[in-house]
Amino acid sequence: MKAVQYRTVGSAPEVVEVPVPEPGPGQVLLKVTAAGLCHSDLAVMSWPQEQFPYPLPMTLGHEGVGTVAALGSGATGVAEGDEVAVYGPWGCGVCRACAEGRENSCPHAAGLGIMPPGLGSPGALAEYMVVDSPRHLVPLNGLDPAQAAPLTDAGLTPYHAIRASLPKLVPGSTAVVVGVGGLGHIAVQLLRALTPARVIALDVGKEKLELARAVGAHETLLSDGEAAARVRELTDGIGAEVVLDFVGAEATLAVAAASVAVAGDVTVVGIGGGTLPVGFGGGLPFDVSVCAPYWGSRRELIEVLELARHGLVSSHVETFSIEDAPLAYERLHAGEVGGRAVVLPQG
């Protein structure tokens, strides 16, 4: 089968031929129908040799959906032919967090060598993939695979982040979305679907700001040196109750710190390498909470897919063949993909 692999540190991803995997006991083999590409893939492929934590070669892709092709011995709960989405942050399955469906918070996964697909384990950028347990599969129930694949991360991660701040997103409040890419354009929709807050979207690209307006942002601003001041103007000097930074660079975090209101939330989702000082005299208003969330729970993924079925959230996607996946990564790195790049491994 064809697979897109990162094979050598510092090299570009390659399309290679590898054997079709066989599911072991309790595992499930999926015929992959769609796989999303993420900026975190680019971040992983930028790490130097001395910091690289995963075995190579590694099949990429942590956003995947597919059709159940075969079951390993003892695997139950799904049947051949079922169309499913893959829940990516795999945990030990038995601790308190995992028992609650919060495998993204599993404290044992790293120590046990359990790694997400595409981020240590073989991922979804292949014609077939093995999922370690049926509990990591969620029914699509009619959703289009290309639309659904990004929701497993680009939808789940902002949903998880926004849910934590819902008590502050009351009528009259403001939420700022910094970076309207794969995650940010879905965050705008989630904020509109889940809250009465006014949504202000920031980005450096005019096309992405147009996308933000198209999916529901009330206001759009260029993310420049004047952005925080404009947010203050739009909020009568108060600032935003919630700022969600989907870039996470030094410059965007500075905008977030200057835009947030007293007792507001700054949620750092992007992995742009920036840091935000926290403490008295650190530049943040009093009582501000700062959070760096990771993915989301299985329950939250079920809820995101349900929102999509009701037409309340959708992915703006550009599709590619598996042969063109390296090109898709190049375009993603160059900022030329609006929304989410999705590979269709079956053609």
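1. In this predicted model, D236 sits in the loop that links helix 7 (227-234) to strand 12. Phi of D236 is near 55 degrees, a positive value in a residue other than glycine. Most residues other than glycine have a negative phi. D236 has a relative accessible area of 73% and is therefore classed as exposed, the cut-off being over 50%.

2. T235 belongs to that loop as well, between helix 7 and strand 12. Is T235 buried or exposed? With a relative accessibility of 7%, T235 counts as buried, because the value is under 20%. Leaving aside neighbours within four places in sequence, T235 is in contact with T174 and R198. Strand 9 covers residues 174-178 and strand 10 covers residues 198-203.

3. A further positive phi is found at D287, a residue other than glycine, where the angle is near 65 degrees. The loop in question runs between strand 13 and strand 14. D287 has 64% relative accessibility and so counts as exposed.

4. What is the strand order in the open sheet of 6 strands? The order is 11-10-9-12-13-14, and the pairing is parallel. Strand 11 (219-222) and strand 14 (289-291) are the edge strands, each pairing on one side only. From one strand to the next, the twist averages 15 degrees. Strands of a sheet pair through backbone hydrogen bonds, either parallel or antiparallel.

5. Helix 8 (residues 250-259) lies across strand 9, strand 10, strand 12 (240-245) and strand 13, and it runs at about 155 degrees to strand 13. Helix 5 (residues 184-194) is mostly covered, with 8 of its 11 residues buried. The buried residues are G184, H185, I186, A187, V188, Q189, L190 and L191.

6. A second open sheet is formed by 3 strands in the order 2-1-4, with antiparallel pairing. Strand 2 and strand 4 stand at its edges with a single partner strand each, so one side of each has no neighbour in the sheet. Strand 1 (residues 2-6) is mostly covered, as 4 of its 5 residues are buried.

7. The pairings of strand 1 can be followed residue by residue. Strand 1 and strand 2 (residues 14-17) pair in the antiparallel sense over 4 bridges, and V15 in strand 2 is the bridge partner of V4. How many bridges join strand 1 to strand 4 (residues 58-59)? There are 2 bridges, and these strands run antiparallel. In strand 4, T59 is the bridge partner of Q5, while M58 is the bridge partner of Y6.

8. The peptide bond from L56 to P57 is cis, with omega near 0 degrees. Most peptide bonds are trans. P57 is placed in the loop between helix 1 (39-44) and strand 4.

9. A search of the whole structure finds 1 cavity of 30 Å³ or more. The largest cavity holds about 50 Å³ of space. Which residues line the largest cavity? They are L37, H39, G181, G182, K208, L332, V337, G339 and R340. By class, this lining has 3 nonpolar, 4 polar and 2 charged residues.

10. The second largest pocket has a volume of about 180 Å³. Its lining consists of G205, K206, E207, K208, L211, H316, G335, E336, V337 and G338. By class, there are 2 nonpolar, 4 polar and 4 charged residues in this lining.

How values were computed
Residues are numbered from 1 along each chain as its sequence is written. This is a predicted model: local features need pLDDT of at least 70, side-chain atom pairs count only at pLDDT 80 or more; totals for chains, interfaces and linings use all residues. Side-chain values use heavy atoms; hydrogens and water are left out. On a 1 Å grid over the protein atoms alone, a cavity is a set of points where a 1.4 Å probe fits but cannot get out, and a pocket is an open set with protein on both sides within 12 Å along at least five of seven lines; lining residues have an atom within 4 Å of a point. Grid points are joined across faces, edges and corners, and a volume is the space filled by probe spheres set on the points. Ala, Val, Leu, Ile, Met, Phe, Trp, Tyr, Cys and Pro count as nonpolar, Asp, Glu, Lys and Arg as charged, and the others, Gly among them, as polar. Two strands pair if DSSP finds at least two bridges between them. Axes are lines fitted to C-alpha atoms, for helices over the stretch in contact, and angles run from 0 to 180 degrees between N-to-C directions. Contact means heavy atoms within 4.5 Å. Buried means under 20% relative accessible area, exposed over 50%, partly exposed in between (1.4 Å probe, protein chains only).
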